[in-house]
Amino acid sequence: MILEAVEALNDGNGSNKTSISKYIESRYGVLPPGHKVLLNVHLAKMRDSGVLDFWKNNYTKRDPNAPPRRGRGRPPKPKELLPPGTVLSPPRPRGRPPKGPSVMQRQSKATAESGRPRGRPRKMARPAGGFGGTSASSLKPSARPRGRPPKVKPELI
């Protein structure tokens with residue numbers, strides 16, 4: 001039914017989904033309520049199997065003599081054909097290669113010699129009375145309060 005609709009509509013750029021649906025509805029009369037979903041599924045299957053071409057929201061019958069249409073972006077590199085009987089080595093693993101055993105031995109020696117742990121030193125805990133120790137001056141409030149002083153209001157006479 002879909003191929004018949006695409007051939008009958010015979011647009012130069014192809015037929016979109018709604019025009020195919022309208023043609024099928026005009027040809028076969030009342031369609032079941034799940035027709036649009038079923039049409040989507042069948043169009044996707046036909047596109048994936050290569051029966052239909054999908055280009056700019058239009059479906060066309062695939063021409064076997066036509067070159068494949070290019071999409072966006074850079075085209076893929078052509079693959080080189082290998083002579084028969086060539087054995088391919090497995091691809092290199094991704095990521096950083098593991099360190100060798102000699103490097104691991106050197107690292108363990110370096111940490112044992114210094115006696116300090118790696119990384120940033122931990123924060124020292126603050127003493128309760130501050131860093132200056134406990135004295136009488138630190139316990140009593142100073143004469144001047146903290147922060148910006150209040151704005152002076154002009155006196156009325």
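Trainee: In this predicted model, which residues is serine 21 in contact with, leaving aside its neighbours within four places in sequence?
Mentor: Contact here means heavy atoms within 4.5 Å. With neighbours within four places in sequence left aside, the contacts of serine 21 are His35 and Leu39.

Trainee: How long is the polar contact that joins the side chains of serine 21 and histidine 35?
Mentor: The cut-off for such a pair of N or O atoms is 3.5 Å. The side chains of serine 21 and histidine 35 meet it, with a polar contact of 3.4 Å.

Trainee: Is serine 21 buried or exposed?
Mentor: Serine 21 is found in helix α2, residues 17-28. Buried means under 20% relative accessible area. Serine 21 has 10% relative accessibility, so it counts as buried.

Trainee: Which residue meets arginine 27 in a salt bridge?
Mentor: The count of salt bridges comes to one. The side chains in this pair meet at 2.0 Å, N to O, and the partner of arginine 27 is glutamate 4.

Trainee: How many residues apart in sequence are the parts that this pair ties together?
Mentor: Arginine 27 is partly exposed, at 48% relative accessible area, and glutamate 4 is partly exposed too, at 28%. Arginine 27 lies in helix α2 and glutamate 4 in helix α1 (residues 2-9), so the separation in sequence is 23 residues.

Technical notes
Residues numbered from 1 in each chain as written. Predicted model: local features only at pLDDT ≥ 70, side-chain atom pairs only at ≥ 80, totals over all residues. Heavy atoms only, no water. Helix = DSSP H or I, 4+ residues; strand = E, 2+ residues; numbered from the N terminus. Buried < 20%, exposed > 50% of the residue type's maximum accessible area, 1.4 Å probe, protein only. Polar contact = N/O pair within 3.5 Å; in protein donor to acceptor, adjacent residues only side chain to side chain. Salt bridge = Lys/Arg side-chain N within 4 Å of Asp/Glu carboxyl O.
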